[in-house]
Amino acid sequence: MTRDSRYDVLFEPVRIGPVTAPNRFYQVPHASGMTNALPRVRAAFRETKAEGGWGVICTGACSIDASSDDTPLPFATLWDLNDIRAHAMMTEAVHRHGSLAGVELWHGGAAVMNRASRLPPLSPSGIPWMATHVGFMGNLRPRVMDRSDIRDALRWQAEGARKARSAGFDIVYVYAGMGYLGYEFLLPEYNHRTDEYGGPIENRIRFVREMLDVTRDAVGADCGVALRVSLEELRARPGTHQQSEAHELIALLSDHADLFDVKMDSSPTDCSASRFTGEGSHEPVIDFVKRMMDKPVVGVGRFTSPDTMVSQIRRGVLDLIGGARPSIADPFLPNKIKEGRIEEIRECIGCNICISSWHDGVPVRCTQNPTAGEEWRRGWHPERVTPARKQENVLIVGGGPAGLEYALMAARQGHDVTLADAGTSWGGRLNFEKTLPGLAAWNRVVDYRLGRLADLPDVSMYLESPLGVDDILELAPDHLVLATGAEWTRMLYSSLEIPVGHLEHPEIYTPDDIAAGRLPKGPVLVFDFDNYYYGGVLAEHLAGKGLGVSYVTPAGQASAWTIMTNELPLVHRALLRRRIPVTTLQTLVGFDGETATLAQVFTGEETRMHCRSILIVGLRRPRGALRQALDLRQADLRTAGIGSVTTIGDALAPGAIAHAVHSGHKAARELGSDGRKLYLRDTPITDCEPGFEQAHAVE
């Protein structure tokens, strides 16, 4: 295949001060959950992107001092020689493929609690970030930075920059965004100072300008200096000499950095889920930056379409196409465009399960790309699969996300694959979920796998094909895989915070009823203790059908777990737009057809709410009837030559789509192996090899 000439511009080199990016694909700094404690996992994760054609590969937040401690959230450090060696693994891996390596030096200021270091947080004026996310909450308030603290921060940045050069980085960042220290100096809400670091924007940018200047002095003449800056709030503030304070910042700092990495101010807007925000959503805020200077500009926007990328460049919005989530979903996205294989791109669905990984403090996960984070510890590559030693017949029952992923992986290994599903279309749960408000992009999980399966030999696919035990015995595959999914229950929720009991009434519904087209009577009460997206989006769906809807949950917020995916405020706004009242901290205990009885979670005090039907979004259980029937026919299975029966996805353990895809991928990789394979356990670097200190001396 040959590349479409329209995309040639994406493969032009871009000068970033003294270094040159080989193309316009720039993996911006993003959290990966891979700290210095997992240096090999981190290096392999980043190297895969370099191999896939990303011209610049950056770290996530990398602390310059123990006063920037985000524990228990994962963060990297660049404090000592062991850290240098750990990062050198990544830079050496990236350089093997001709890409540049960048490091996001970071001080969290008042936005970190320093739980491990137990040092008082620093801020320009002692103003704390009163976070509502429990992972960011703390009760240690920051202290006001005096001049010696400012000098210390500048020294830490310079020392971090020298260590970064010693580790082999080509681009060194100053970070002034997302509520962290540099950003706190920029905003008057944080910065109440009356000295030369406070007041007008000319003074408020002083700290960031000095950080840039000490960085340039520290790295020398052969390393690029980048500024990562949030512009959303500043863009909304009228300027004195320019249109906005964001314009003034760019004018004042344009000569102090080689690259401007521009972004939003908060996670829900900076990396918004596709449910609420489309591709390229940052443009209205950052579109002016490139017009004000001749320095290269990189930005993000969940770019997956090469046409959108080219448009941003041709219209002078960006010089470099930033990728975080798309680079996780498909590390080989650039090469696929370069080689004319656009239809093979594994497009990001914007579910933000990757972001939840960081909040959970674990290596990154991805719904579309189950190999993300598994490159080193399991030896999984997103594009290469070890051929099977022996071609065998595999029958997969169920064509949802897990079944499709298993089929694709087994076929790529060279097995003869048969996939059967009782439904009229492929996709399982996504057949309905893709029709819900904002979730159309999620069907990329199905579309990608169907497209790739169509390219492979020895794959037979059958819809409207329910299979029983006798059917399976007649087909007699070498291996049988059950991907039959899960079903929602009518279970209630107890004060012990576990599902308990059932509520029976003709007007009690589950999400399966809604998916089957059975519309409840209004007004309907949605009782949600699943806590992820489904309860909230189903409430929107029913309201869109013209029904009166109320939302009730025992949690403290609607769709409470979506705080992990940066969606929580957007969920509440969506419910408000639909005029759906939200009642929290209540359990459902009864329903008589006209009135629901609720009990307060902590006191048990009962209240009544009028409704004519109830939708319970609570507990899912695997569909296990086929597995149970098979277990009763073990002798027949052996006679038929069926060597293994494997259950995957929601049929094994109900979860998010990311879990189903990973389950199917893992099971297929382990096809024919004996038992469960453990992954490699990474270890931190705790002392330097002989000669390393001299080779990586810090001046």
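Author: Helices are DSSP runs of H or I of at least four residues, and strands are runs of E of at least two, numbered from the N terminus. The model is predicted, so local features need pLDDT of at least 70 and side-chain atom pairs count only at pLDDT 80 or more, while totals for chains, interfaces and linings use all residues. Residues are numbered from 1 along each chain as its sequence is written, and side-chain values use heavy atoms, with hydrogens and water left out.

Buried means under 20% relative accessible area, exposed over 50%, and partly exposed in between, with a 1.4 Å probe and protein chains only. Because its relative accessibility is 12%, Trp156 counts as buried.

Contact means heavy atoms within 4.5 Å. Leaving out residues up to four places away in sequence, Trp156 touches Ile64, Asp65, Ser67, His107 and Leu122. With Asp65, the side chain of Trp156 also forms a polar contact of 3.4 Å. Such a contact is a pair of N or O atoms within 3.5 Å; within protein, one must be able to donate a hydrogen and the other to accept it, and residues adjacent in sequence count only if both atoms are side-chain atoms. Glu196, by comparison, is 40 residues from Trp156 in sequence and 21 Å from Trp156 in space, C-alpha to C-alpha.

A nonpolar core is a set of buried Ala, Val, Leu, Ile, Met, Phe, Trp, Tyr and Cys residues joined through side-chain atoms within 4.5 Å. The largest has 78 residues, with Leu10 and Leu249 among those having the most contacts inside it. Helix α3 gives this core its largest share, 8 residues.
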